[in-house]
Structure formats: structure tokens, C-alpha cells
Amino acid sequence: MRIVEFRITRFQFARERVIGDSQVRADDANVAALELIADTGAVGLGFIQTLFFPLPDLAEIERVFVSEVWPNIEGQPPAALAHRLGRPRGGNQRAYTLPFHEALQVALWDLAAKEVDLPLHKLLGSRRDKVEAYASGLDFHLSDHDFSEFFGHADSIGYRAFKIKVGHKDFEWDLNRLKLVAKAVRPGALLMIDANEAWGAKEAVTKLEVIRRAGYDLLWVEDPILRNDFEGLRLLRESCSWTMINSGEYLDASGKRQLMQAGGTDILNVHGQVTDVMRIGWLAAEMGIPVSLGNTFLEIGVHMAAALPEVQWLEYSFQNFDHLVDEPIRIADGWAYAPDRPGHGLVLNETARREWARPKLLPRAELGDAPFNPRVKNAR
């Protein structure tokens, strides 16, 4: 199998709710589908996503891809590229101009698994086909009413663990959100908070103690302080032994290794770059450190989560992306199920390609209504 062609489809559409945290917000989706086409006709699919700034016009995306990526993959076997190690020296150690890296890894692994006719999670070595999911609202900018409705719905459809955003300038706001989520979900539910680096180390210790005295036993606190403050993260682990510190989300593979070696995490947070996740996941297993899968586009992370021995939880945040593929990842009763189809199991939907493709950048006001999201409350 060799890669002989590529196709990029640019999408831009409204979200059905504002997402964000203590630092950022977004109410639109900016996505491009990358399809790598092999000489066998097999197609590997990945998604290019920018969260807070629109992607450029399709012609510019293609120009950058042809310039920076295509010369290194054209005519190459996908499995070899998926495993290939680079030599990070000097100018070779740099990011692409556009965020192709994750999409490229996902598409290559999709093709590699299809070549051997295996679901991706089985190619990666899984012994299971489902992982428990926790409900994540990306909820910082929701009203109290919408916040309570969101988590109440998640509870009603089987979730038993819930993560909320905190880090407001008014700490009473954070405490009120904890009160609201505890009221919205079942007694004994597992609660997590995510501050997105809003606090300093000593501040975090103080606020976490207040949260504990208020009666909230947190499963974990995520990214409470700066990502590179390994000493502060280690202090939090020692000072707040009643909960766990989940960190590493914002670090690359090298940074995650340094974080673990510095003792700065109880649970390592990883995302959707398949090769990187598996490599750092193997190291985490060697060190006995649990791993959690954060948000991955269309929940592709279920494959890595099923394959890594230290993963219990996968984040699910109910985003309106399902219309982009023929058959989304199945999520039911608080569990995410890895597909048994060859590859990662996602195929770009042709209706979405026709109706939602936006080759040219549109102003936000011209995006129209958000695509239908069947997984949220009051879905029609």
C-alpha cells in the first residue's frame, strides 16, 4: 500500500452552544477533513481543527499541505510513516504552519489498520473494546440554568462522572458551580474540576482545601496551575493527597515525559496524536502512572484508550460534529465503544461534504444555524 493522492474538505459551522474555559471561548467550528488515498483505493481520514481562529481558504490549506507535508508522504507506505522516528535537530524541530500533525497521524494509522484489516484499537494491542466516558461540558460560558440542564441530561443518560470548568475571578462562582452540578446529578457521582491554569500553586492549595471543607470530594483537579510548574504540581500532589492532579494536557510528548519524571502528575492527560499517545502511554505504563484521554475529534481517542493499560477514563463533551461522518463512535450509558470496523471506523459523510463544505472563509454572521446534535437535550 502506498499513498498516491490526498483530498482536503474545509468545513465551517456554528456550534449549538458556546464552549470554553476560564481562558478562552468559541461558538463556531473550524475544521478540515484530510483524506489520504492509497493505490489500493483505501482512504485514511483525519481532521484538521483550529479552536479559536478560522482556517484559511481551502486553496491556502492545500498550498501549505503540498509545500510542507506532501513531499514527505507521497508514494510512502502508511504503516512505515506511522512508526517513523524523526531526528529533531535545529530547523527540523518545528511545527507545520497549519495544524496538520494530528490529522496526519490519525489518517496514517487509519490506513495502516485497514491494510491489515483490523480495527485500529486491535492493531494497537487492545484487550477490550469499550472505555468509561465522563461527561464534560466545556461549560464555563454557559448560564447557570444551561449548565444545570446540560449535566442533568448527562446524568439521565447514564454518566456517573462529570467534569466542570472553574477558575473564575470570583471564587464564589466556582463554588456555586460545584453546588449546581452536585444538585443536577445523582448522589455519589464522581466530580472533577478543570481550572485551565487559572491558579498559582499556593492559591490552588488554598482553594482546594475550601472545596474539600465544603463537602466536595473531587476525583481529580485538572491543570490547576501552569503546565511547566513541575515543582508546584508536585507540591499540590503532596498537599492535597485527598484528590488527584490531572496534568499534561498542554505539553508535547517530551514535556509529558519531563512532567512524569518530575513527579508532577497523578494522572497524565493525553489527546489525539496516535503515535505520540502510544509512545508516552507506554512510558506511563512503565512508571505506573494512570492516563486519561482528553477530548479527541469525534472521539477517535477511544482506540488509544482501549489499547493503553493505564486508561480508565475518556472525556466526552457532546460537540456537534457527528454529522461529518457516516457512523460516529457509539457512546451509550456512559461508555464509549471502539468500532469493530477496519481502521478507526469513521468515514466522511458525502452529504456533509456537499452541504457543509465551505471552501471560502465566511464571516461568523453568515454561518447560519448549527448542525443538528442528536446527543444533547431537546434534540429534535
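## Strands and their partners

Two strands count as paired if DSSP finds at least two bridges between them. Helices (H or I, at least four residues) and strands (E, at least two) are DSSP runs, numbered from the N terminus. This is a predicted model, where local features need pLDDT of at least 70, side-chain atom pairs count only at pLDDT 80 or more, and totals for chains, interfaces and linings use all residues. Residues are numbered from 1 along each chain as its sequence is written, and side-chain values use heavy atoms, with hydrogens and water left out.

Let's start with strand β7 (residues 218–222), which pairs with strand β8 (residues 244–247) in the parallel sense over three bridges. Look for Trp 220: its bridge partner in β8 is Met 244. β8 also pairs with strand β9 (residues 267–270), in the parallel sense over two bridges, and here Ser 247 has Leu 268 of β9 as its bridge partner.

## Crossing over

A crossover is right-handed if, with the strands pointing away from you, the path from the first strand over the helix to the second runs clockwise. β7, helix α9 (residues 230–239) and β8 form a right-handed β-α-β unit. From β8, the chain crosses through helix α10 (residues 253–261) to β9, and this β-α-β crossover is right-handed.

## A look at helix α6

Which residues of α6 are buried (under 20% relative accessible area, with a 1.4 Å probe and protein chains only)? They are Phe 147, Phe 150, Phe 151, His 153, Ala 154 and Asp 155. The elements covering them include β1 (3–20), β4 (130–136), β5 (161–165) and α7 (171–184), judged by contact, meaning heavy atoms within 4.5 Å. After α6 comes Gly 158, with a positive phi near 115°.

Note on methods
Buried < 20%, exposed > 50% of the residue type's maximum accessible area, 1.4 Å probe, protein only.
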